[in-house]
Amino acid sequence: MTFPTGFLWGAATASYQVEGGVREGGRGPSVWDTFAAVPGKVAGGASGEIACDHYHRYAADIGLLADLGLGAYRFSVAWPRVMPDGRTPSAAGLAFYDRLVDELLRRDVVPVLTLYHWDLPQALEDAGGWPLRDTASRFAEYAVVVHDALGDRVDQWTTINEPFCAAFLGYGSGVHAPGVQDYDTALVAAHHLLLAHGLATRALTSRARPGHEFSLALNFAPALPDGTSPAHLEAARKFDGIHNRFFLDPVLGRGYPPDVLADVAGHGGRFAASVRDGDTDTIAAAIDWLGVNYYAPARVTPLADPLAPSNCPLPGLRGLDVLPGAGPLTAFGWEQSPSTLTSLLERLSAESGLPLVVAENGASFVDKVVSGRVHDAARVNYFLEHLHAVHAAIRAGADVRGYFAWSLLDNFEWAMGYTQRFGLIHVDFETQVRTVKDSGRFLGRVARANALPE
Ligand code: GBH
């Protein structure tokens, strides 16, 4: 049950979910500051204003990660810290990430830097946001600024985390910032997010130093048809198309999948008009590895009326239902299906030929601190089963190079506020006291051994 030599074991966070300090160091507002201030958008009226106070406590948090035995930290840079108005670099903002990276290196932790995990500068949203093509160019400029500042110490670069969420939840269903509800707009935003990835990858590749590696992280929800009829298989095709292939295929150089383009053709046509000559080549910029974010599959079933709107609000989905998960669920209600992770990694490896990194995997459960301990047996089991699943994919030939637990810390879980805990480390949001959970110790032991227990 040993993992390949050099396998990266780590934990992940995202700037808006953990940093707090939203007005410090000259940081400008992001779309999430604005969105969270709108009553009814986030559970409990919560925001990331303080979150885990990681902006001040990063050194202690890195210490906890390193002491557990984890060798890598996947974090994101807040664009509105580095460019408060979305365009002008801020030395004070960059200085925070300087300190963070130096602390990681001091503790022998590999920094894995994500440039965009959803906190768009509000000024750029005001100018048009991701539905505006210009935002992709602004992103490439921002990427170069961060790379110029940190490229002497950071080798591992991820452009964008989960363009699916940024586009379809941000501009389609509207459950994420900026809260726009329009699927034609969401499709255009998706294209510009992918374009931003391609433009930034090109720009950084041309300035890369030896050892630099570039990637993006996609979230995958494999579709499990809840039956074997042709209608079931069609429902699964549709869901897999818009959720997974719509993002994966263009990144792999295959362009947008024709069947998905047909599915979304009824959304007004601005998407088709937004794709210009050369864009598909730009999006296909070579990457060194693919970040795979996996939590749960989707069980899909057809509806008798093929025109009935799907209860899964994504563009192009009609006539299908996404059913509640089967078996023991996480606190979020998500199905636990480790075998789906094995088949996903095998599929992605075969289709892409790329090295893969599990950039996020984890589960929320209700945790209790009892005498300074958190006995989160359900989460330990989730990690154990999913690590077995990763190991099975490696045995089957997939080139998986790393595994990052979501998340290092309990944190601001977007629209769910502080109601879903994903951390290896418990955070008391009243006192900011950290308590390492059993799952953190477990993952640390696995990391130190580079092997699963027999
Ligand atoms: C990740 O996204 C995020 O990267 C991270 O910031 C977050 O904290 C973590 O997961 C836990 O939520 O398909 O329309 O029915 C999670 C990806 C995408 C999973 C949306 C649930 C359901 C929406 N999520 N999906 S839909």
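The buried residues of helix α15 are Arg379, Tyr382, Phe383, His386, Leu387, Ala389, Val390, His391, Ala392, Ala393 and Ile394, where buried denotes a relative accessible area under 20%, exposed over 50% and partly exposed in between, with a 1.4 Å probe and protein chains only. The structure is a predicted model, in which local features need pLDDT of at least 70 and side-chain atom pairs count only at pLDDT 80 or more, whereas totals for chains, interfaces and linings use all residues. Residues are numbered from 1 along each chain as its sequence is written, and side-chain values use heavy atoms, with hydrogens and water left out.

Helix α15 comprises 19 residues, 377-395. From first to last C-alpha, α15 reaches 27 Å, close to the 27 Å expected at 1.5 Å a residue; the expected span of a helix is 1.5 Å times one less than its number of residues. Helices (H or I, at least four residues) and strands (E, at least two) are DSSP runs, numbered from the N terminus. The cover over the buried residues of α15 includes the strands β1 (8-12), β7 (289-294), β10 (356-361) and β11 (400-406), together with the helices α14 (338-352) and α16 (438-449). Contact is defined by heavy atoms within 4.5 Å. An α-helix has 3.6 residues a turn, so residues three or four places apart point the same way. After α15 comes Gly397, with a positive phi near 110°.

A set of positions comes from the UniProt record. Under "binding site", the unreviewed entry lists Gln17, His117, Asn161, Tyr295, Trp406, Glu413 and Trp414. The lining of the largest pocket takes in Gln17, His117, Asn161, Tyr295, Trp406, Glu413 and Trp414 from this set. On a 1 Å grid over the protein atoms alone, a pocket is an open set of points where a 1.4 Å probe fits, with protein on both sides within 12 Å along at least five of seven lines, and lining residues have an atom within 4 Å of a point. UniProt positions are given in the numbering used here, feature names are shortened, and annotations may be inferred rather than shown by experiment.

Gln17 lies in helix α1 and counts as buried because its relative accessibility is 0%. Leaving aside residues up to four places away in sequence, Gln17 touches Ala51, Cys52, His117, Trp406, Asn411, Phe412, Glu413 and Trp414. Glu413, in the loop between β11 and β12, is likewise buried, with a relative accessible area of 10%.

Glu19 is found in the loop between α1 (15-18) and α2 (31-36) and is buried, at 3% relative accessible area. Beyond neighbours within four places in sequence, the contacts of Glu19 are Ile50, Ala51, Asp53, His54, Tyr55, Ser76, Ala78, Arg81, Phe96 and Tyr97.

Backbone geometry was also examined. Most residues other than glycine have a negative phi, and most peptide bonds are trans. A cis peptide bond joins Ala177 and Pro178, with omega about 5°; Pro178 lies in the loop between α8 (163-171) and α9 (183-207). Another cis peptide bond joins Trp406 and Ser407, with omega about 15°, and Ser407 belongs to the loop between β11 and β12 (425-428). Asp108, in the loop between α5 (91-106) and β3 (110-116), has a positive phi near 60° and counts as exposed at 68% relative accessibility. Ser371, in the loop between β10 and α15, has a positive phi of about 50° and is exposed, at 74% relative accessibility.
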